[in-house]
Amino acid sequence: MCKLLDQQCPESAPHKPYLAFRYADPLTEEMYHRLLADGFGQHGRAVAFTQYPQYSCSTTGSSLNELWKWRTRLEGPSSSSSAASSPGVKWSVIDRWPTHPGLVAAFAQNIHAQLQTYPAETRRDVILLFSAHSLPMSVVNRGDTYPAEVAATVHAVLHRLGVPNPYRLCWQSQVGPSAWLGAQTADTVINYVRKGHRDMILVPIAFTSDHIETLYELDREVIHEAHQEGGTGVKRAESLNGSRLFVEALAEVAREHLRSGESCSRQMGMRCQGCKSERCLEQKRFFMNTGREVEQVVR
């Protein structure tokens with residue numbers, strides 16, 4: 001992606017990638033130490049580019065809270081009104097991109113490829129099951145935008161595909177006894193198989209690369225159980241991973257952001273309706289960079 005960005009956006013080249021994970025190595029703390037060691041603390045420019053296309057307080061929001069925490073610990077606190085002029089790393093954020101045309105095209109390409117593996121005479125009847133990580137209903141009811149943004153991605157992908165196939169959006173990876181957003185992916189697949197629907201394509205619509213929730217939960221649990229129940233036509237669309245269309249989309253999202261001059265999206269400035277987190281408020285103030293404007297937007 002950075003090689004493409006160097007070619008397409010030479011005015012800000014060279015572009016150097018750093019990885020920061022919330023619960024795996026390299027952690028945000030380690031990434032920040034590397035940034036400072038590489039000299040970015042002297043008015044360097046950095047973009048926090050979330051790899052969650054759809055925003056949630058529990059994913060991108062949590063990661064930005066962690067980034068803001070380590071920025072404060074390692075570079076010292078700064079007021080939102082002085083963040084743009086104070087020394088240190090100059091941050092901006094790509095906080096969501098659920099309907100970016102490149103992302104939509106990459107998803108559509110992989111779904112189309114899997115559809116071609118079904119006989120032509122039955123292809124239009126294959127059910128498309130878009131699966132995304134679920135959220136506790138307590139988070140949803142607080143006003144988290146994630147369900148709406150995932151649905152927006154699904155709508156855009158279906159429009160791009162232009163196929164008549166029936167579809168549903170379902171939710172996976174529920175843990176614990178509390179209420180979570182449903183219907184659950186595993187239950188959905190088994191219920192449809194038992195109703196006579198043998199052909200389905202699972203589409204991990206909120207994940208951009210393979211990991212335990214695609215390779216194990218979907219492939220080894222959900223699809224395996226479906227096959228045991230007789231749903232031998234249940235398959236999964238490939239994850240985006242190293243798709244050329246996807247890599248080009250990443251570069252395009254980054255280029256558009258760099259040239260926009262924006263610190264983050266206007267949507268990021270809005271707090272969830274039921275949000276009471278002071279950390280969230282201060283993090284948003286910092287990344288928005290304009291204290292007066294943020295005071296109006298997020299309160």
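Student: Which residues of α6 do Val104, Ala105, Phe107, Ala108, Ile111 and His112 in α4 meet?

Tutor: Happy to start there. This is a predicted model, in which local features need pLDDT of at least 70, side-chain atom pairs count only at pLDDT 80 or more, and totals for chains, interfaces and linings use all residues. Residues are numbered from 1 along each chain as its sequence is written, and side-chain values use heavy atoms, with hydrogens and water left out. Helices are DSSP runs (H or I, at least four residues; strands are E, at least two), numbered from the N terminus, and contact means heavy atoms within 4.5 Å. On that basis, the α4 residues meet Thr153, Ala156, Val157, Arg160 and Leu161 in α6.

Student: Are α4 and α6 roughly parallel or oblique?

Tutor: Helix α4 (residues 101-115) and helix α6 (residues 146-161) have axes 9 Å apart and pack at about 60 degrees. Axes are lines fitted to C-alpha atoms, for helices over the stretch in contact, with angles from 0 to 180 degrees between N-to-C directions. Angles under 35 degrees count as roughly parallel, over 145 as roughly antiparallel, 65 to 115 as roughly perpendicular and the rest as oblique. Therefore α4 and α6 are oblique.

Student: And how are α7 and α8 oriented to each other?

Tutor: The axes of helix α7 (residues 185-194) and helix α8 (residues 212-228) come within 9 Å and cross at roughly 20 degrees. Residues in contact include Val189 and Ile190 in α7, and Leu218 and Val222 in α8. The two helices are therefore roughly parallel.

Student: What about α2 and helix α3: at what angle do their axes cross?

Tutor: Among the α2 residues that meet α3 are Tyr32 and Leu36, and among their α3 partners are Trp70 and Leu74. The axes of α2 and helix α3 (residues 57-75) come within 10 Å, and the crossing angle is roughly 45 degrees. That makes α2, relative to α3, oblique.

Student: Which residue has its charged end over the ring of Trp70?

Tutor: A charge sits over a ring if NZ of Lys or CZ of Arg is within 6 Å of the ring centre and within 35 degrees of the ring normal. Over Trp70, the charged end lies 4.9 Å from the ring centre, and it belongs to Arg73.

Student: Last one: which residues form an aromatic cluster?

Tutor: Rings of Phe, Tyr and Trp (its six-membered ring) pair if their centres lie within 6.5 Å; planes under 30 degrees apart count as stacked, over 60 as edge-to-face and the rest as tilted. The structure holds seven aromatic pairs. One aromatic cluster is formed by Phe49, Trp97 and Phe246.
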